[in-house]
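Q: I would like to learn how to read a few features of a structure, one after another. Could we go through them slowly, with the general idea before the case at hand?

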Amino acid sequence: MTMQQLYLLVPAVPLAGAVIVGLFGPRLGRAVSHWLCILAVAAAFALSAYIWRDVSLGHAFNGDVYTWLQSGSLKLSIGFLIDPLTTTMMLVITFVSLMVHIYTVGYMADDPGYTRFFSYISLFTFSMLMLVMSNNFLQLFFGWEAVGLVSYLLIGFWYTRSTAIYANLKAFIANRVGDFGFVLGIGLVLAFFGTLDYTEVFAKAGGLAATTINLWGDTQWSLLTVVCICLFVGAMAKSAQVPLHVWLPDSMEGPTPISALIHAATMVTAGIFMVARMSPLFELSETALSFVTVIGATTALFMAFLGIIQNDIKRVVAYSTLSQLGYMTVALGVSAYSAAIFHLMTHAFFKALLFLAAGSVIIAMHHEQDLRKMGGLRKYMPITYWTAVIGSLALAGVPPFSGFFSKDAIIEAAHFSKIPGHGYAYFAVVAGVFITAFYSFRMLFLAFHGNERFDQSGQGHDDHAAAAGAQADADTGLHAASHDAGDEPDAHRHRGGPPKESPWVVTVPLILLAIPSVYAGWAYIEPMLFGPYFGDSIVVREEHAVLMEMRGEWHGALAFIEHGVLSLPFWLAIAGIAAAWYCYLVNPALPERLKKAAGPIYTLLDNKYYFDRFNDWFFAGGARRMGDFLSNTGDRSIIDGFFVNGSARVVGWASMLMRHIQSGYVYHYAFTMIIGLFALLSWWTLR
Amino acid sequence: MISMPYLSLAVWLPIIAGLAVLAVGRDRDAGAARWIALLGALVGFLVTLPLWLHFDAGTSAMQFVERTEWVPRFDLHYYLGVDGISMLFVLLNSLMTVFVVWAGWEVVQTRVAQYMGAFLIQSGLINGAFCALDGILFYMFFEAMLIPMYIIIGVWGGPNRVYAAVKFFLYTLVGSLLMLVALIYLYTVSETFSILDWYQVPLSMKVQLLLFVAFFLAFAVKVPMWPVHTWLPDAHVEAPTGGSVILAAITLKIGAYGFVRFILPIVPDASRYLSGFVITLSLIAVIYIGFVALVQGDMKKLIAYSSISHMGFVTLGFFLFSQLGVEGGLVQMISHGFVSAAMFLCVGVMYDRMHSRQIADYGGVVNTMPKFAAFMMLFAMANSGLPATSGFVGEFLVILAAVKVNFWLGLLAAVTLILGAAYTLWMYKRVIFGAIANDRVRSLIDLDRREFWMLAALAALVIAMGVWPKPIVDVMHASVANLLAHVAQSKL
């Protein structure tokens, strides 16, 4: 079997699993379905590992599978570009996907949509692989939209819940806003480069660096700036950057396994991957990089604040994902692409771990997600607890866990950068460290430490479900109220009793994810950031080469830790953990007092900076008002009422007049003829 | 090369089958009428297959040409032929006829023979319009096909069917009257009714502009373009499911086809001169109609408006005068044939059970009709232009072509990415998702075998065309290149 066939097999196997289970799942039964999907993804993982090794030996590949369409001289293809960047992504995707597949067996055990769920997540794995393996913009867009579709289907997986189907529509449309920019970027690439093939485009990029286009008036814009910003708008939606981030917190309406897989580890990082892949273009536009930096920094800092006040365990993790995506975006903006991919990888491990741990807690709590109703779970579920500790330490950036290395690298890169906006970015990512540590340990302490605040009889949850049901009837339309504490579906009947550790299908993925969360940092930082690992797949211009500057100060992972321990971010992380410990374990009354003291700020955070309300009023509401106006006034009154039915009436009147004229009396006709003749003659002589 | 008169078969077989069905007549023999209709539609489709299989994609010349004298006094010919532009529409139309017969199988219980007969005859007439290369022959087919549709809406339509049928008939008839004048004028200057010969006739700018207006009115009403679109939502709402399918999938395409068969090559200078005007109307159709679609409470109306918006992409693509744009427009026409047909069939499936098209009467259909919901999800996604469905291909190509001409043009066209998803998926959410809204939804029964395979066949077509559109686009290349050469060449 040739390597090309192996490449093809990687996405094809999960696709086959998805199609078979999707079509025949109910007939195959649960066990057959989940085994099919798990084996398919495991095969994809094994193949990815094999290909990764092959590529690391220097066997990159770039070639087409088939021609999708040809028009004139333009040839659009489906094809693969297999290089270190691709294989890294393939490994991360298939590994996390495999973990999530296994985990799902436990998490979704009681769900009537069990086989459908497996079909979807396998389909997702296929789509995501097609996205990262693409060698051209067309297939990138295919994968881009396909992962969006699966995300839509999975957020709305529990389709009877009004909040879920509100959230999935919102997610799809927000992503379409991003696609809007993305398609324009692709269109510009085609218009000026004449091809959509990566290598050809990148080869021509240098020659077009000085090209300008006229957008309005006399202002000349650098072509590459416009292209990169358009493409980045796509990334802003997919990777949930301000102001297109609004869909991600609501996406927590979906089942927890997909929150881990899609809305933390893989799909939301597609935008990061895309920009890294486009590094030869972005490198040529200072303005675009600056734009990326500022957006990323804003997301990193301001979304972190929101994580502090969330009480839904999944939403804490969701906001932390937003913030971490901001970190990656900052790394892209300061041209530290490999640092972005490095953080993407470590984040995929520890964030998937945190989500799955949160899911494990949710199972134990009988689908209660409110942190205020947890506490003291440490002793009931030790595996979940310890893996969550590892995940939180990694997220907070405590050495020697993986997050420390990747996050510190980004902070350093922002420090060394000279791109406009790097100062703001540096401040944001440093300040973000404290907040990140604070909210992650707040979550840990509230869930696992302190008093047991849950009601062991499991009562009270019924009221909650009933309230949610009432809500389901109440809100319809695009503007349904967004929810705080989500609740899992009716299918999950709680069983009561004290919380207990989750079954092995849940805990084994936790452990397997905890391992790379610990070691992936020190093990891979040197080759990925400072070595030739990525080869030609990432291009950095000399004046942006912050990582090369950092390389001068690189003396091994241990020295990096030593240096880190002496620097500000580390102490901020420690301070954040300490503050969380004080606020939630030592003096639990303090947060309430602070909340009151910080009244307006708290209100602002509680309303998530009013993004949702503005969007509902301006965009969703505005579009409907516009539609009503155009429909009623434009179509019904003006076109139909005046012109169409008006002409019909005119014809009616005219024929009524005609009827009077056709009286049948000869003298009427004769008289009319004489008058007419007279009028004509006078007009003719007098003109 | 090929001796069989495939085009004549494609035109006359359905008409003969339709007459045979009519002859069976009475409702007592409904079963026989159905089977004859199905047989006629199937054979009618099969005879069009050789058109594709034996098609020579290397040439832009007309193929399968049949030409005999008809009225020598006026040099009228029975002149048929297809090129890479028209051939696919003959296939599409013949295929859709099979779907319509299939869709009406058990649903139509009154005057079955007349219903089936009307569709078959209409199918033959439409094929005639796509194949005709003689101006008057085209005009006769073009006008004659109004009659079956008028009857279909007027007899099997909804409560307000008479208004809708008359509106449909008058709107399109008035639009096309000036076209007859234009055809006769072209005869007087060229002494022939051969459309292909008209491509070579030199015309002054003033004459070109007048001819443009005459043709444009006829075809713009058919497409329909904003602001002469208001007949379509009414016609769709009142038409029976089969009528909507043919109306959306095929009849609209005749209008767009007229642009590439008549306007662009016959009056190229006027077309170039007025391209900004047509592009503006197209973009209004895309955006304005997108907003209007968003607020419709009637599913059929919503899909009708969505059709107008999608057809805006077709005219937009044509008037960009690039290979990518024209091919994008043509692909969009074919894809829209599948997708709009599927959407109307989906509404038909629900209407047959609930006798309502109002979104507000539904909610939570997925709970009782999961298979149906899955199919409709696919078609809704295709309607919003998701990649790997046919709906993506045309839109994508046209947007790319538009950006190439002007960034802002592309930007305005790309608004459909957002609006298309918003109106389609918002409807889907309110109708299909959610908790069961009422007892009538609770008692719904999922697809029966006939409905299942009907939708499955369309789903396969939609996906196949999205995953590999190359075979469809390849047959167009030579003809589109030839068309663009005509457009580029001044006739002044």
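Q: Where is the place of B:Phe64 in chain B?

A: Before the answer, please keep in mind that this is a predicted model. B:Phe64 sits in strand 1 of chain B, and, although it is not a glycine, its phi is positive, at about 55°.

Q: Is B:Phe64 buried or exposed?

A: The idea here is to count the C-beta atoms around a residue, where 20 or more within 10 Å mark it as buried. B:Phe64 has 23 other C-beta atoms within 10 Å and is therefore buried.

Q: Which residue of chain A has a positive phi near 70°, and in which loop is its place?

A: That residue is A:Ser335, which is again something other than glycine, and its place is in the loop between helix 14 (313–333) and helix 15 (337–364) of chain A. With 29 other C-beta atoms within 10 Å, A:Ser335 counts as buried.

Q: What describes two packed helices?

A: Two packed helices are described by the angle between their axes together with the distance between those axes. In this structure, helix 10 (residues 205–222) of chain B packs with helix 12 (residues 241–266) of chain B at an angle of about 165°, and their axes are 7 Å apart. Because an angle over 145 degrees counts as roughly antiparallel, helix 10 of chain B is roughly antiparallel to helix 12 of chain B. The crossing of helix 10 and helix 12 of chain B is left-handed.

Q: Which residues of helix 10 of chain B meet helix 12 of chain B?

A: Among those on the side of helix 10 of chain B are B:Leu211, B:Phe212, B:Phe215, B:Phe216 and B:Phe219, while the side of helix 12 of chain B includes B:Leu252, B:Ile254, B:Phe259 and B:Phe262. Taken by class, this contact of helix 10 with helix 12 of chain B has 13 nonpolar, 3 polar and 1 charged residues.

Q: Where do cis peptide bonds join residues to B:Pro224 and B:Pro227?

A: For a cis peptide bond, one gives the two residues that it joins and the omega angle. One such bond joins B:Val223 and B:Pro224, with omega about -15°, and another joins B:Trp226 and B:Pro227, with omega about 5°. B:Pro224 is found in the loop between helix 10 and helix 11 (231–238) of chain B, and B:Pro227 likewise lies in the loop between helix 10 and helix 11 of chain B.

Q: How many residues of chain A are in contact with chain B?

A: One reads such an interface from its residues, then its elements, then its classes. Here 47 residues of chain A are in contact with 42 residues of chain B. Strand 1 (61–71), helix 5 (137–155), helix 6 (162–193) and helix 26 (611–661) of chain A each supply at least two residues of the side that touches chain B, and helix 6 of chain A gives the most, with 15 residues. By class, this side of chain A has 28 nonpolar, 12 polar and 7 charged residues.

Definitions and conventions: Residues are numbered from 1 along each chain as its sequence is written. Chains are lettered from A and ligands numbered from 1 in the order in which they are written. This is a predicted model: local features need pLDDT of at least 70, side-chain atom pairs count only at pLDDT 80 or more; totals for chains, interfaces and linings use all residues. Axes are lines fitted to C-alpha atoms, for helices over the stretch in contact, and angles run from 0 to 180 degrees between N-to-C directions. Helices (H or I, at least four residues) and strands (E, at least two) are DSSP runs, numbered from the N terminus. Angles under 35 degrees count as roughly parallel, over 145 as roughly antiparallel, 65 to 115 as roughly perpendicular and the rest as oblique. A crossing is left-handed if the near helix is turned anticlockwise from the far one by less than a right angle, and right-handed if clockwise. Two residues are in contact if their C-beta atoms, placed from the backbone, lie within 7 Å. Ala, Val, Leu, Ile, Met, Phe, Trp, Tyr, Cys and Pro count as nonpolar, Asp, Glu, Lys and Arg as charged, and the others, Gly among them, as polar. A residue is buried if 20 or more other C-beta atoms lie within 10 Å of its own, exposed if 12 or fewer, and partly exposed in between; C-beta atoms are placed from the backbone.
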